[in-house]
Amino acid sequence: MKSRLNVNGSVREFEADPATPLLWVLREQLGLTGTKYGCGIAACGACTVHIDGVPTRSCVRPASTVGANEKVVTIEGLSPDASHPVQKAWVALDVPQCGYCQSGMIMAAVALLRDKPKPTDRDIDEAMTNICRCGTYNRVRAAIKVVAEGGNPRVAGLAIQHADGSVT
Ligand code: FES
Ligand code: FES
């Protein structure tokens, strides 16, 4: 079945069985491999994308149920050069370890910070239900707070000393 999706600002055509999850259309048909497969049962959040701004686990959402007027944004669509404030905070704090879960983490964090620019720890706990096997949870929380404090790790009291002696 031929269908269309509005992804990262462009209308893209694809052919897939109506039951095909959005995740696989994004990855296999549209080449947007930044969105990851972790569990396939909406538990881990690795596949999180935005649909009209709502963080959505794309592994359980059939692509055929995404309306032509709904806007899908993947990690590739956040910014052309990784300059989104959340991405910059992630880099500044060296959040990723293996990185596998991180596009989903970032998409969840972007949605949280848009809705609650100054999230409390409880807000973060409630919004960030993504699973990270590398255990980056503390740095994810810190990076969210850095964005909430205007993007400067020092202002947030969260500067990190790197192995080469530099501080960010
Ligand atoms: S792959 Fe979708 S929630 Fe885990
Ligand atoms: S950074 Fe490795 S799973 Fe999260």
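What percentage of the 168 residues of the protein count as buried?

1. Of those 168 residues, 37% count as buried; a residue is buried if 20 or more other C-beta atoms, placed from the backbone, lie within 10 Å of its own, exposed if 12 or fewer, and partly exposed in between.

2. This is a predicted model, in which local features need pLDDT of at least 70 and side-chain atom pairs count only at pLDDT 80 or more, while totals for chains, interfaces and linings use all residues. Residues are numbered from 1 along each chain as its sequence is written, and chains are lettered from A and ligands numbered from 1 in the order in which they are written.

3. The protein has five helices and five strands, in the order β-β-α-β-β-β-α-α-α-α from the N terminus. Helices (H or I, at least four residues) and strands (E, at least two) are DSSP runs, numbered from the N terminus.

4. Along the principal axes, the C-alpha atoms fill a box of roughly 55 × 30 × 30 Å.

5. Helix α1 (residues 22-29) has L22, L23, W24, V25 and L26 as its buried residues. Their cover includes β1 (2-7) and β2 (10-15). Just after α1, G31 has a positive phi of about 75 degrees.

6. In helix α2 (residues 85-92), the residues V86, Q87, A89 and W90 are buried. Viewed down the axis of α2, they fall within an arc of 160 degrees, so they line one face of the helix; the arc is that of the directions from the helix axis to the C-beta atoms. These buried residues pack against α3 (102-115) and α5 (137-148). D94, which follows α2, has a positive phi near 50 degrees.

7. α2 and α3 pack at an angle of about 125 degrees, with their axes 9 Å apart. Axes are lines fitted to C-alpha atoms, for helices over the stretch in contact, and angles run from 0 to 180 degrees between N-to-C directions. The two helices α2 and α3 are therefore oblique to each other (under 35 degrees counts as roughly parallel, over 145 as roughly antiparallel, 65 to 115 as roughly perpendicular and the rest as oblique). V86, Q87 and W90 of α2 make the contact with Q102, I106, A109, V110 and L113 of α3; two residues are in contact if their C-beta atoms, placed from the backbone, lie within 7 Å.
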